[in-house]
Amino acid sequence: MLLALAGLAPASGQLVPVDPALPPYSPAAQVSGTVGGVTGMDSVEGMMGAWNEGFRKFHPGAEITISQIDTAPEERIALGPKTAELFHPDYQAYEDAYGYEPFRVRICMAAFVLKSHVSAIGVYVNPDNPIGQLSLAQLDAIYSSERRRGAPAGITTWGQLGLAGAWADKPVHLYGFYWRDDVTAYFRKLVMFDAPFKSSYVVPGQGMKRNTPAVAKDLMATIAQDPCAIGFGNFSYQTAGVKALALSDRRGVLGQPTLGDVASGRYPLERYLYIYVNRQPGQPLDPLIKEFLSFVLSRDGQAMVEKDHYLPLTAGMVAEERDKLE
């Protein structure tokens with residue numbers, strides 16, 4: 001899978017082939033009944049409909065329905081009862097209500113450059129900036145004073161990142177999305193372990209309004225005009241006036257900002273879509289939901305991800321998620 005994806009780039013489009021190592025769906029038991037769900041996404045109706053139709057070919061008496069509501073975080077689909085509290089970013093409302101953490105399964109990866117879909121996150125600098133890559137620890141030290149990833153010192157100049165000459169003393173100007181955006185919450189959680197931003201963090205333009213296209217436009221324009229800028233945002237809003245950086249994770253694995261590395265899991269700021277279920281620890285999943293998730297995590301189910309222009313999970317990712325179903 002990694003070799004097959006390595007040569008893919010944004011120009012090759014959104015379609016990524018399903019990992020051939022994924023097994024086809026084979027029912028473990030016949031199930032029937034109806035399960036309803038909700039999501040804040042407005043881009044998964046086709047995929048959910050295809051999953052339901054495909055699942056019903058094996059289980060004619062089963063029905064999985066989904067309703068789209070105006071809520072966030074947008075990467076979540078909740079199935080079954082007692083899930084309203086899941087639509088709070090930090091799970092605190094859910095844990096307060098039920099006394100345990102929510103159960104979730106990755107169902108696919110986000111898209112790469114589709115504005116209509118949840119998409120992966122890039123880190124950008126001005127094209128004149130010679131830097132080409134950063135580690136997540138360096139990124140954390142740039143954006144947060146707490147440095148929860150263990151960097152030895154805060155980073156305020158480009159010289160601290162290895163640039164010499166005229167760049168050595170130039171300050172790093174921090175930009176990003178507005179605080180209430182899902183992109184910001186994801187960036188803070190993954191890069192900064194939920195630490196606060198430095199006081200020098202700036203949201204360009206009308207940053208306090210929930211208007212992703214407008215904020216992204218202002219962000220990209222600001223980075224394109226400021227040689228000292230660094231910012232983050234959806235790959236789907238990247239413009240020709242900025243340069244995306246390669247990023248390495250805590251193990252030192254370097255991921256390029258390309259479709260191939262995003263789809264293979266090498267790029268560390270990929271996002272995932274999840275199905276959540278209210279499952280009490282130590283208790284089995286509802287048989288219908290378990291069988292449906294098994295279908296989603298099969299070659300059949302991931303082929304429907306491909307058709308909807310999200311990115312299918314690799315066989316390794318699927319194996320991790322299937323273990324959660326037991």
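This is a predicted model: local features need pLDDT of at least 70, side-chain atom pairs count only at pLDDT 80 or more; totals for chains, interfaces and linings use all residues.
Visitor: Is Asn234 buried or exposed?

Guide: Asn234 counts as buried because its relative accessibility is 6%; buried is under 20% relative accessible area, exposed over 50%, partly exposed in between (1.4 Å probe, protein chains only).

Visitor: And where is Asn234 placed?

Guide: Asn234 is in strand S8, residues 229–234. Helices (H or I, at least four residues) and strands (E, at least two) are DSSP runs, numbered from the N terminus.

Visitor: Switching to helices. At what angle do H4 and H5 pack?

Guide: H4 (residues 136–143) and H5 (residues 182–192) make an angle of about 120°, and their axes are 9 Å apart. Axes are lines fitted to C-alpha atoms, for helices over the stretch in contact, with angles from 0 to 180 degrees between N-to-C directions. H4 is therefore oblique to H5.

Visitor: Which residues meet there?

Guide: Leu136, Leu139, Asp140 and Tyr143 in H4 meet Phe187, Val191 and Met192 in H5. By class, that contact has six nonpolar, no polar and one charged residues.

Visitor: Now the sheet. What is the strand order?

Guide: The order is S2-S1-S3-S12-S4, in an open sheet of five strands with mixed pairing; two strands pair if DSSP finds at least two bridges between them. S2 and S4 (103–109) are the edge strands, each pairing on one side only. On average, neighbouring strands are turned by 25° against each other, direction ignored.

Visitor: How many bridges join S1 to S2?

Guide: Seven bridges join S1 (residues 33–39) to S2 (residues 62–68), and the two run parallel. Gly36 has Thr65 in S2 as its bridge partner.

Visitor: What about S1 and S3?

Guide: S1 and S3 (residues 76–79) run antiparallel, joined by three bridges. Val38 stands opposite Ala78 in S3, and the partner of Gly37 in S3 is Leu79.

Visitor: Which strands does H2 touch?

Guide: H2 packs on the sheet, touching S2, S3, S4 and S12 (272–277), and its direction makes about 175° with that of S2.

Key:
Residues are numbered from 1 along each chain as its sequence is written. Side-chain values use heavy atoms; hydrogens and water are left out. Angles under 35 degrees count as roughly parallel, over 145 as roughly antiparallel, 65 to 115 as roughly perpendicular and the rest as oblique. Contact means heavy atoms within 4.5 Å. Ala, Val, Leu, Ile, Met, Phe, Trp, Tyr, Cys and Pro count as nonpolar, Asp, Glu, Lys and Arg as charged, and the others, Gly among them, as polar.
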